[in-house]
Amino acid sequence: MNSSSTVEPMVKQNVPILFLTLFILIEATVLFVFTVDFQWSLLGLAVGMYFLRMFGITAGYHRYFSHNAFKTSRVFQFILGWIGAMSMQKGPLWWAAHHRNHHRYSDTELDIHSPKQKGFWYSHMLWFLRDDYNDYDSRLIKDYYKYPEMVWLDRFHWLPPLSYSIALYLIGGWAWLVYGYAVSTFFLGHGTWTINSLAHVIGSRRYETKDDSRNNFFLAIITMGEGWHNNHHHYAHSANQGFFWYEVDFSYYILKLLSLFGIVWDLKMPPVKVIEEGKANDRLKKEAKLNKSKNTDAKTKENWIPQGMKPDMVNASIAEG
Ligand SMILES: [Zn+2]
Ligand SMILES: [Zn+2]
């Protein structure tokens, strides 16, 4: 078991036991699923609200507030922030300010959630339970801190999830609350956090970044495109993180669609130089793989001995021609 999952190291890592207990209790609400009879429509609600709020995090909190990857109106900016906040991952300014630091110090001792530095569970979710991370440096996010409504939303970040859960209960009762909130939010949280933990550990590396970021197809599916994390660490300001057609990126597809209606605009794309460098790196990797398998084949042939023959018998038959 990882040492960061024991109580003592958590105290050392400034994770207060009170916050940890509260967090576990909130997580445990997913077990209420056993109090509700299964219906496909309820599962549809959970999945739908998973992806809507994931979009709030990926397109809103991440690509927009953290990286200015596109432009939008002040109204839609607030809507993106509100949908993101419905995920219960604190406020957009808090999130983006800490995320900007993640890019600045990625996988070094100063990175707030590096699996390389502090292990899987800490990078996955324990880091945000630290009380010394409750605050953020507003200078890091002054481009959005200038909007009073954003500062308000950030301060009252608990209002969107609270009003969302009340709405669920009023519309569909206990069953809707359990599936639309408890179940959906549980998977949404862990889905998002895989980018802090797994996307710095499992997957391939196209670009030689100074951190351990990876590209991972499975993570890209569950996070609507965030799994192309090595691409993202190499060039963080683009609206798409899947740089090639086969790198599925649903957040980008939706942003592209919204741009057709003029809801968002100026979607930033990776420069040609970045794409060409990616292609060249892919080619080199392919060639290296091919050479490796050729060498392995040759070695296997060299070492191959017909059944029932001893090595000296093989040598003798070779000598006989
Ligand atoms: Zn990262
Ligand atoms: Zn980022």
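Analyst: Before getting to what covers what, one working rule: two residues are in contact if their C-beta atoms, placed from the backbone, lie within 7 Å. Bear in mind too that this is a predicted model.

Let's settle on α5, which runs over residues 92-105. The chain around it holds 15 helices and two strands, and 38% of its 321 residues count as buried. Of the contacts between residues at least 6 apart in sequence, 66% join residues at least 24 apart.

First, the helix by itself. α5 has 14 residues, and from its first C-alpha to its last it reaches 20 Å, close to the 20 Å expected at 1.5 Å a residue. Its buried residues are P92, L93, W94, W95, A96, A97, H98 and H99. The cover over them includes α3, α4 (74-85), α8 (142-145) and α9 (148-155).

Now take α3 out of that list. α3 covers residues 40-66, and its axis comes within 9 Å of the α5 axis, the two crossing at roughly 60 degrees. The pair is therefore oblique, and the crossing is right-handed. On the α3 side the contact is made by G60, Y61, H62, F65 and S66, while α5 brings P92, W95, A96, H99 and R100. Sorted by class, these residues come out as five nonpolar, four polar and one charged. Of the α5 residues in this contact, P92, W95, A96 and H99 also turn up among the buried ones.

α3 has another partner worth a look, namely α10 (residues 159-193), where the angle is about 45 degrees and the axes are 8 Å apart. That makes α3 oblique to α10, and here too the crossing is right-handed. From α3 the contact uses L42, L43, L45, A46, M49, Y50, R53, M54 and I57; from α10 it uses A175, W176, Y179, G180, V183, S184, F187, L188, G191 and T192. The class count for this contact is 14 nonpolar, four polar and one charged.

Back to α5 and what comes after it. The helix is followed by D107, which has a positive phi, near 60 degrees. D107 sits in the loop between α5 and α6 (115-118). Leaving out residues up to four places away in sequence, D107 touches S114, K116, Q117, H200, D211 and D212. One of those, D212, is 105 residues from D107 in sequence, yet their C-alpha atoms are 6.8 Å apart.

N68 has a phi of about 50 degrees although it is not a glycine, and it lies in the loop between α3 and β1 (71-72). N68 is partly exposed, because 16 other C-beta atoms lie within 10 Å. M224, also not a glycine, has a positive phi of about 55 degrees and belongs to the loop between α11 (217-222) and α12 (229-234). M224 counts as buried, since 23 C-beta neighbours lie inside 10 Å.

Conventions
Residues are numbered from 1 along each chain as its sequence is written. Chains are lettered from A and ligands numbered from 1 in the order in which they are written. This is a predicted model: local features need pLDDT of at least 70, side-chain atom pairs count only at pLDDT 80 or more; totals for chains, interfaces and linings use all residues. Axes are lines fitted to C-alpha atoms, for helices over the stretch in contact, and angles run from 0 to 180 degrees between N-to-C directions. Helices (H or I, at least four residues) and strands (E, at least two) are DSSP runs, numbered from the N terminus. Angles under 35 degrees count as roughly parallel, over 145 as roughly antiparallel, 65 to 115 as roughly perpendicular and the rest as oblique. A crossing is left-handed if the near helix is turned anticlockwise from the far one by less than a right angle, and right-handed if clockwise. Ala, Val, Leu, Ile, Met, Phe, Trp, Tyr, Cys and Pro count as nonpolar, Asp, Glu, Lys and Arg as charged, and the others, Gly among them, as polar. A residue is buried if 20 or more other C-beta atoms lie within 10 Å of its own, exposed if 12 or fewer, and partly exposed in between; C-beta atoms are placed from the backbone. The expected span of a helix is 1.5 Å times one less than its number of residues.
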